[in-house]
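Subject: Structure handover and notes

Hello,

Here is the structure you asked to look at. My notes on it follow below.

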Amino acid sequence: MKNHMFDLFQVCLDAGKEILDVYAQDFDVEFKEDDSPLTLADKRAHQAIESGLARIDSSIPVLSEEGRAIPYGERKRWKQFWLVDPLDGTKEFVKKNGEFTVNIALIDDKYPVLGVIYAPALDTFYFGEQGQGAYKLERASEQEITKLDDLLEKSILLPSVKDKDAIHVVASRSHMSKETEDFINELDGNVDVVSSGSSLKFCLVAEGKADYYPRYAPTMEWDTGAGQAIVEASGGSVTRHEDGERFYYNREELLNGWFLAKR
């Protein structure tokens, strides 16, 4: 964690400032070829993150939702790369409900080994690294943090809560599918369903506030890498629906299959 985490915290705060500056204004919404929304905040956050990651280590390539399309012939040679969603939950951003995030993961040999998620409107920073644990920092931009030790000292180790009286399932606020509903209905016991936007669903699993996050609907690699790193660092798992294997990255097709995150 000492290698990158403090610097990534600063990069996320910088991106968050760009996002909130647009959030406070009236802004236009464009639509990409897949009909997903795009705003000036997506673009400005991407630029801030790309510049920040280059300062951390310019030798590590970046795969970002808002960056250039990189052919698999080039990507398949990567052993390590940054996987970035500059503004995850653009639909939530447009609705102005606060449930949007900055996602950055470090992928090493196809698996996420480090992840950070920052929710600018909530001013909450989640981070985790393989073998080092997962953490949550509230009022992130208000804290006096000048080094990694400060970041760790002021953060809460995850999972921080665990309710034994009910099974908690977190589902997408914008993408609830019939298969997800079927998964919920098949659980045995008192089931509480919580809706949340963006990668905050992974964070609820990492915190212990949710036992399951079934995603039986499309996502992209940059939607899940950081969340998976944090869930796994907290002691949970993210597995493929078809065979129960650990979710992996840098596939030829960047569209994810179905998965289940759980504690």
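Two strands are said to pair if DSSP finds at least two bridges between them; helices (H or I, at least four residues) and strands (E, at least two) are DSSP runs, numbered from the N terminus. This is a predicted model, in which local features need pLDDT of at least 70, side-chain atom pairs count only at pLDDT 80 or more, and totals for chains, interfaces and linings use all residues. Residues are numbered from 1 along each chain as its sequence is written, and side-chain values use heavy atoms, with hydrogens and water left out.

Overall

The protein has 8 helices and 14 strands. Its radius of gyration (over C-alpha atoms) is 17 Å, close to the 18 Å from the globule rule (2.2 Å times the number of residues to the power 0.38) for 263 residues, so the protein is as compact as a globular protein of that length. The C-alpha trace spans about 50 × 45 × 40 Å along the principal axes. Of the 263 residues, 56% count as buried (under 20% relative accessible area, with exposed over 50% and partly exposed in between; 1.4 Å probe, protein chains only). Among contacts (heavy atoms within 4.5 Å) with a separation of 6 or more, 62% come from residues 24 or more positions apart.

Strand E8

E8 (residues 133-137) has 5 of its 5 residues buried, so the strand is largely enclosed by the rest of the structure. Gly 133, Tyr 135 and Leu 137 are buried on one side, and Ala 134 and Lys 136 on the other, which leaves both faces covered.

E8 pairs with strand E7 (residues 124-129) in the antiparallel sense over 5 bridges. Ala 134 in E8 is the bridge partner of Gly 128. The hairpin of E7 and E8 has 3 residues between the strands, and Gly 131 there takes a positive phi near 80°. E8 also pairs with strand E9 (residues 156-158), again antiparallel, over 3 bridges. In E9, Leu 158 is the bridge partner of Ala 134.

Helices H7 and H8

The axes of H7 (residues 200-207) and H8 (residues 221-233) come within 9 Å and cross at roughly 5°. Axes are lines fitted to C-alpha atoms over the stretch in contact, and angles run from 0 to 180 degrees between N-to-C directions. The two helices are therefore roughly parallel (under 35 degrees; over 145 is roughly antiparallel, 65 to 115 roughly perpendicular, the rest oblique). From H7, Phe 202, Val 205 and Ala 206 meet residues of H8 including Asp 223, Gly 227 and Ile 230.

Regards
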